[in-house]
Amino acid sequence: QVQLVESGGGLVQAGGSLRLSCAPSESIFRINGRTMGWYRQAPGKQREMVAIISGGGGGRTNYADSVKGRFTISRDNAKNTVQLQMNSLNSDDTAVYYCNGRFGSVEVWGQGTPVTVSS
């Protein structure tokens, strides 16, 4: 059973940067050709889409308005990872960040990695 594992979360000061990474728990599960995404859930709020990158050629991306120009999603098919580069972080970005992908008919979520931005 495929699992997604996130890493890179932590505590950062406002204005700082973090880079999140996500990879399947076993290398036999490949992200090639799969649409992958990052979502987040802040305390007391619903989970929301942060960024999505398509599995097709060109890797088309889509971002939540609140992170456009600050966050960048990318994929490295050779390393079998998806990254989320987060710059100019502010307190509104404090949340648990989840990686998401669909493997066959199964939608898979990671366990989440917490990001806390201190002001």
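1. Start with Cys22: its relative accessibility is 1%, so it counts as buried (under 20% relative accessible area; exposed is over 50%, partly exposed in between, with a 1.4 Å probe and protein chains only). Cys99 is buried too, at a relative accessible area of 0%.

2. A word on what you're looking at: this is a predicted model, where local features need pLDDT of at least 70 and side-chain atom pairs count only at pLDDT 80 or more, while totals for chains, interfaces and linings use all residues. Residues are numbered from 1 along each chain as its sequence is written, and side-chain values use heavy atoms, with hydrogens and water left out.

3. Back to those cysteines. Cys22 and Cys99 are joined by a disulfide, S to S 2.0 Å, where a disulfide is a pair of cysteine sulfur atoms within 2.5 Å. Cys22 sits in strand 3 (residues 18-24) and Cys99 in strand 9 (residues 95-103), so the bond ties together parts 77 residues apart in sequence. The torsion about the S-S bond is about -80°, so this disulfide is left-handed. A search of the whole structure turns up one disulfide.

4. As for secondary structure, the protein chain has eleven strands and zero helices. Both are DSSP runs numbered from the N terminus: helices are H or I with at least four residues, strands E with at least two.

5. Now the chain overall. Its C-alpha atoms fill a box of roughly 40 × 30 × 25 Å along the principal axes. Of the 119 residues in the protein chain, 42% are buried.

6. Contacts (heavy atoms within 4.5 Å) are worth a look: among those with a separation of 6 or more in the protein chain, 53% come from residues 24 or more positions apart.
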